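The exercises below are meant to be worked through with the structure in view. Try each task before reading the solution that follows it.

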Amino acid sequence: MIRRPPRSTLSSSSAASDVYKRQYQRRVRGFVSCPNFAAEIVEWVGYAIAVYGASGMYPTFIAALSFPVYTLCNLAPRAMQHHQWYVEHFGEEYRRLNRKALVPFLV
């Protein structure tokens, strides 16, 4: 995960490594570039499952399933763009982490 330091500590250099600092973590953040996007998709899938379990009706499940589908369609391209930005700004050092954009070990 990239953290930006407070504005008062920004140097005049334009290099990304001077402005942004990466955190090395082993959990999901260690496998994907955008864990917040992945978590939001998982949350909406859980919502769809909960709605189906509570109602047991197929039309309600289809309506609830639209939320994770729309979220996936919205966040997947953004995750790919964010991942590409990290690769462009941090180069080989970031590639060596073998992180994927959204789904660990796949995408």
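A residue counts as buried when its relative accessible area is under 20%, as exposed when it is over 50%, and as partly exposed in between. The model used throughout is a predicted one.

**Exercise 1.** Determine which residues of helix α3 are buried.

*Solution.* Applying the cut-off of under 20% relative accessible area, we find that A64, P68, T71, L75, A79, H83, Y86, V87, F90, G91 and Y94 are buried in α3.

**Exercise 2.** Compare the span of helix α3 with that of a straight helix, and locate the kink in α3.

*Solution.* Begin with the length: α3 covers residues 58-95, which is 38 residues. At 1.5 Å a residue, a straight helix would reach 56 Å, whereas the end C-alpha atoms of α3 are only 43 Å apart.

**Exercise 3.** Describe how helices α2 and α3 are arranged, and what kinds of residues make their contact.

*Solution.* Two packed helices are described by the angle between their axes and the distance between the axes. Here the axes of α2 and α3 come within 9 Å and cross at roughly 175°. Because angles over 145 degrees count as roughly antiparallel, α2 is roughly antiparallel to α3. The residues of this contact comprise 17 nonpolar, 4 polar and 2 charged.

**Exercise 4.** Classify the ring pair of Y47 and F67, and then that of Y86 and Y94.

*Solution.* The structure holds 7 aromatic pairs. In one of these, the ring centres of Y47 and F67 lie 5.8 Å apart with their planes at 90°, so the pair is edge-to-face. This pair links distant parts of the chain, since Y47 belongs to helix α2 (residues 35-55) and F67 to helix α3, 20 residues apart. For Y86 and Y94, the ring centres are 5.4 Å apart and the planes stand at 45°, so the pair is tilted. Both Y86 and Y94 are buried, and together with W85 and F90 they form one aromatic cluster.

**Exercise 5.** Examine N98: what is its phi, and is the residue buried or exposed?

*Solution.* Most residues other than glycine have a negative phi. N98, found in the segment after α3, has a positive phi of about 55° although it is not a glycine. With a relative accessible area of 61%, N98 is exposed.

Terms used
Residues are numbered from 1 along each chain as its sequence is written. This is a predicted model: local features need pLDDT of at least 70, side-chain atom pairs count only at pLDDT 80 or more; totals for chains, interfaces and linings use all residues. Side-chain values use heavy atoms; hydrogens and water are left out. Helices (H or I, at least four residues) and strands (E, at least two) are DSSP runs, numbered from the N terminus. The expected span of a helix is 1.5 Å times one less than its number of residues. The bend at a residue is the angle between axes fitted to the seven residues ending there and the seven starting there. Buried means under 20% relative accessible area, exposed over 50%, partly exposed in between (1.4 Å probe, protein chains only). Rings of Phe, Tyr and Trp (its six-membered ring) pair if their centres lie within 6.5 Å; planes under 30 degrees apart count as stacked, over 60 as edge-to-face and the rest as tilted. Axes are lines fitted to C-alpha atoms, for helices over the stretch in contact, and angles run from 0 to 180 degrees between N-to-C directions. Angles under 35 degrees count as roughly parallel, over 145 as roughly antiparallel, 65 to 115 as roughly perpendicular and the rest as oblique. Ala, Val, Leu, Ile, Met, Phe, Trp, Tyr, Cys and Pro count as nonpolar, Asp, Glu, Lys and Arg as charged, and the others, Gly among them, as polar.
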